[in-house]
Amino acid sequence: MWPTRLNKFSFMRSLDIHEDPTFIPEVAAELTKDKSEAESTSDIIKQLIDARPDYTTDGFSFRGIKDYLDCYRSGKLTPSQVAKNIIAVLEDCDKSTPPLRAIVQWDHEQIMLMAEASTARYRNKCTLSYLDGIPVCLKEEFKVVPYHHRVGTEYLGTEPETEDATVAKKLREAGAIIIGVSNMHELGTGTTGCNPNGCHKIPRNPYKPNHYTGGSSSGSAAAVAAGLCPVAVGTDGGGSVRIPASFCGVVGLKGTFGRISSHGSLPLSYSTVSVGPICTSVADAAIVYSILAEPDPLYPYGLKQPKATLSDMCAPDLKGLKLGVDWTFFKACDAEVLSICEKAVEYLQSLGASVVEVFLPEMEEVQVAHAICILSEMRDFLQPDFNKHFQQMNLETRASLALACQFTALDYITANRQRTRSMGFLREIFTTVNCILTPAAASTAPRIHDSDLLAGCSDFSLTVRAMRFMQLGNFTGIPGLVVPVGYSAAGLPISLQKAVSSIT
C-alpha cells in the first residue's frame, strides 16, 4: 500500500509549474449591494422560517429550527422540557447495542442550566436569536467549557477546558443549548469516522448502524441525522463536514476559507480547514451561518470578509442561475450515485436553472497537491505528538503521519504553486457560471467490518473515493454545500454538492 501511495504523490515532482505559490487560499469575497432594507439578513431569515413547509413526505424529514421555535413560542414545549428529553436519549444512546457514539462528552447539569436560562427568556419574551433554545453540538476539535479538548485522541485534553472556542462562544451568546461535544476521527486524519480508541469508539450511521458516518466530523453528522439536535458544527480540511453530512443524509456547509473563525480549534492544517454547520435543512444552515460568519479579531484570516448576507435565498425559482457541470468529472462515481445525482440536476433545471458544461483542469494534480499540503501541515503541527504519543495514536493516524514524513519542502512548494494555478482556473470558470455541481461523494457510506472495531480502518482507495469531489474546495478556499437528494437501493443517503466562488 505504501509504494502505491508514494507513487501517486511523487508524480508532482515531474511537473514544471512557474506560478508563484499561494500558501493561504484567501478568496476575494464578492461585495453585494443592499437591494433594500427589507432584504436585511434578519428579514431574510424570518422569511425562511415563515416559508418552511410542513413535513408531508417520506425521507429526509427532520425536525429543524422552525419546529423548535414553533413549540417554544406557542408554549407547547419549553427548552427545559426538550433538554430533559435529550438527556434521556443520550443515556439511551450510551446503552444501546451498538452504541450510537455521536456525542462523546455531555453533562446533565450544563445542559439544564442553558435550557432553564432559555426557558426564562421565552417566558419574559426577551430571546437572544433564532438559535435561542436550539440544541446544538460541536465537534471535539473545538474547545468547549467544561469538556475535555481531546480532538479524537486518548492523550489530549487531560484537563477540562476553561475557555470556549469562538464558535462555541457565539452559540452561547445566541442562546443555543450546547448538548455536548461530538465524536470525530482521531486528529481529523480520516474520512470514515473510524476511531477505535477507548474514549470514542466508532459512531454509527443512523440510517444503518453497520455503516460508517463518514469523517472526520463523524459525531456531528450522526447527532443531527439521529435527531439529537438540529444543528452541529464541524471542521472541514478535506471534506470533513461534507462527507459525513453526505453519508448521513443531512445538509453540510463548508464555508469560504476564513469565513467562520476557527480560533479555539486545534490548528491541524492552517491552509485547508474551514468551519461549517451540519443541519437538517439549507434554511437551518443559513441561519447558523449568519450567526457564525462574523469577523473575529482572534482569527486574522477572516478579517477581510464583508458582512454576511443571504441575498436571493428566498427567490421563487432558479431562473437565470447557471449551473456548471464537468460531466467527465461528475460521472467518476458509482452508477447508483450518478443516477440519483443526474436526476437532481434535471430537477434544478425544471426550476429554471440552466446547465453549462465546464472543464475542471488538472484535477489529479489538485487532489495530490491538496493531500501534500494538508498532510505536511498536520505533520508539522503534530511533530511533538508524533514523537511523544506515537504509541497512543490509532494505527491509521500513525500511518498517515509517517507517510507525510516522505514529503519534502520542494513537494510542498510545488503543491502550493498548483494552488495558484487552480485558483486561476476557477476564477475563469466562475465568470461563466454561478456554481459548480458534483456528486458529494463517489459512493455511499461504507460498511463497518468487525476488525475495524479493534484495529481501525485504513483503506486508501476508500479515502480517495470519499474525498474525490471535496478537495478542490479545500485546496482553493471556495465553499461547498452538500444536500441529500436520494437513497441507494440499500437505503443509504446520496447527496449533491454545490460549489461557488464565495459566500458573502
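So, H4 and H5 cross in a right-handed way, right-handed meaning the near helix is turned clockwise from the far one by less than a right angle. Bear in mind that this is a predicted model, where local features need pLDDT of at least 70 and side-chain atom pairs count only at pLDDT 80 or more, while totals for chains, interfaces and linings use all residues. Residues are numbered from 1 along each chain as its sequence is written, and side-chain values use heavy atoms, with hydrogens and water left out.

Helices here are DSSP runs of H or I with at least four residues, strands are runs of E with at least two, and both are numbered from the N terminus. H4 covers residues 79-95, H5 covers residues 108-123, and they pack at an angle of about 160° with their axes 7 Å apart. The axes are lines fitted to C-alpha atoms over the stretch in contact, and angles run from 0 to 180 degrees between N-to-C directions. That makes H4 roughly antiparallel to H5, the label for angles over 145 degrees.

Who touches whom? On the H4 side, the contact (heavy atoms within 4.5 Å) includes Pro79, Ala83, Ile87 and Leu90. From H5, you've got His108, Met112, Glu116 and Tyr122 among them. The contact residues split into eight nonpolar, four polar and two charged.

A pocket is an open set of points on a 1 Å grid over the protein atoms alone, where a 1.4 Å probe fits, with protein on both sides within 12 Å along at least five of seven lines; lining residues have an atom within 4 Å of a point. Of its 17 lining residues, Arg63, Tyr68, Val82, Gly227 and Leu228 are the closest to the centre.

Val145 and Pro146 are joined by a cis peptide bond, omega about 0°. Gly215 to Ser216 is cis too, with omega near 15°. And Leu187, not a glycine, has a positive phi of about 55°; Leu187 lies in the loop between S3 and H7.

Definitions and conventions
Angles under 35 degrees count as roughly parallel, over 145 as roughly antiparallel, 65 to 115 as roughly perpendicular and the rest as oblique. Ala, Val, Leu, Ile, Met, Phe, Trp, Tyr, Cys and Pro count as nonpolar, Asp, Glu, Lys and Arg as charged, and the others, Gly among them, as polar.
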